[in-house]
Amino acid sequence: MGKLHSRAYQTVPYAYPELGLTTKLVIAADTAPDRVDYARDVLGFAEGTTDYHDVLNHPDVDVVSICAPNFLHAEIGIAAAKAGKHFWIEKPVGRGYEETVAVQEAAVEAGVVTSIGYNYRHAPAVEHARKLIADGRLGRITNVRAVFFSGYASEPNGALSWRFDRKLAGTGVLADLFSHATDLCQYVVGPIAEVTALTSTVYTQRPKLAMGSGTHFAVIENGEMGEVENEDYAAALVRFGPSARGAGAVGTIESSRVAVGPECGYQIEVYGTEGSLKWDFERMNELKVCLGRNNDEQGYTTVNASPRHGDYAHFQPGPGNSMGFDDLKVIEAKKFLVAVTGGAQENSNIHDAASAAAIVSAAEASSLSGQWQKIEEIHGTTAARA
């Protein structure tokens, strides 16, 4: 992810020349010396270090990207805020709601601009879906369905990386994939006010992996086994709050990291009294739309992302030319840098992260108690509102 952030910063001047923004990669930090060398020799950073404090203390650094494992996010985020550095941080910002709020409070106190790695919301098809809902084209929103299924942990001999350690990662699929789905629901429909959920752990043991020696994609045969400490699967019923564009609407959110079949099966469906829409990240440049209850032509129309949608025109000249995951990070970098330089505040922010963390916390509490949990609305988010 650090590599992707670096490329995104470098691409912003090419994709958005009209902004007049230029970027310079000043210094990168990594605990592994070989990756420090890679950042300097391949990615183009002027300097490298094994201590992230050197980045925060560098006088030429204006913004920082925080792409470390989950257990370091809050520590580095708070330190960045105290150093007065605007920061772009991957999710989850904290290993739980309390850590995320601590980062939020530090950022607000320091007055720094923040951006969160909710990259999927920047897909032009998603931006078009958000506009259709905002314009009332779907009528009154009645129900929402969001799913994020992945198979990155479907291999039983997949390594016991930090993602499966509660002390290092916090929750499992709730913080990893479920939080993305909640962000997308709130971004296009509005704040979630209540949740009830259940979770399960499909593979309770995995072969151990030394920290820094591989990723959660590594497969280890006949290795020493260790305990998986967080959940593989989560499902929730949700109710949207009164300030949402879908005020009073209900929905389901489901996530799995052990599904066999979907690799990045990230989908959202929104239903209203006058129409509905569907989006699937595995076909991210398409949006399925049905408008009107009494048309002669019923069923879904496939809308290709085009220069009329979101930031598409900055990457492709006409419909039918696909954008990819990396392009979404460029849009994310652009929105962050525009906000940092005093422009429009269209970037996701630390309040969005706190809101997602509150939902994750409520979902986990509900999975233990079996009860509905109310969620206090967090102000300052970019959630869709009536």
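## The largest cavity

In this predicted model, the largest cavity is lined by Gln186, Pro191, Ile192, Ser355, Ala358, Ile375, Glu376, Glu377, Ile378, Thr381, Ala383 and Arg385. Sorted by class, that lining comes out as six nonpolar, three polar and three charged residues. The space inside is about 70 Å³.

How many cavities of 30 Å³ or more does a search of the whole structure find? There are four. As a bit of background, rolling a probe the size of a water molecule over the atoms shows where empty space is left.

## The second largest cavity

Next comes a cavity with about 40 Å³ of space. Around it you will find Arg121, Asp183, Gln186, Tyr187, Asp352, Ser355, Thr381 and Ala383. Two elements, α8 (173-188) and α10 (350-369), each give two or more residues to this lining, and α8 gives the most, with three. The lining of the second largest cavity divides into two nonpolar, three polar and three charged residues.

Now let's turn to the packed side chains. In soluble globular proteins, nonpolar side chains tend to be buried together. Here, the largest nonpolar core has 81 residues, and those with the most contacts inside it are Phe178, Phe240, Val270, Leu277 and Trp279. Helix α8 shows up again, giving the most to this core with nine residues.

Take a look at Trp279 in the structure: leaving aside residues up to four places away in sequence, its contacts include Tyr120, Leu184, Tyr266, Met284 and Leu287. There is also a second, separate core of 24 residues, with Ile76, Val93, Ala107 and Ala356 among them.

Terms used:
Residues are numbered from 1 along each chain as its sequence is written. This is a predicted model: local features need pLDDT of at least 70, side-chain atom pairs count only at pLDDT 80 or more; totals for chains, interfaces and linings use all residues. Side-chain values use heavy atoms; hydrogens and water are left out. On a 1 Å grid over the protein atoms alone, a cavity is a set of points where a 1.4 Å probe fits but cannot get out, and a pocket is an open set with protein on both sides within 12 Å along at least five of seven lines; lining residues have an atom within 4 Å of a point. Grid points are joined across faces, edges and corners, and a volume is the space filled by probe spheres set on the points. Ala, Val, Leu, Ile, Met, Phe, Trp, Tyr, Cys and Pro count as nonpolar, Asp, Glu, Lys and Arg as charged, and the others, Gly among them, as polar. Helices (H or I, at least four residues) and strands (E, at least two) are DSSP runs, numbered from the N terminus. A nonpolar core is a set of buried Ala, Val, Leu, Ile, Met, Phe, Trp, Tyr and Cys residues joined through side-chain atoms within 4.5 Å. Buried means under 20% relative accessible area, exposed over 50%, partly exposed in between (1.4 Å probe, protein chains only). Contact means heavy atoms within 4.5 Å.
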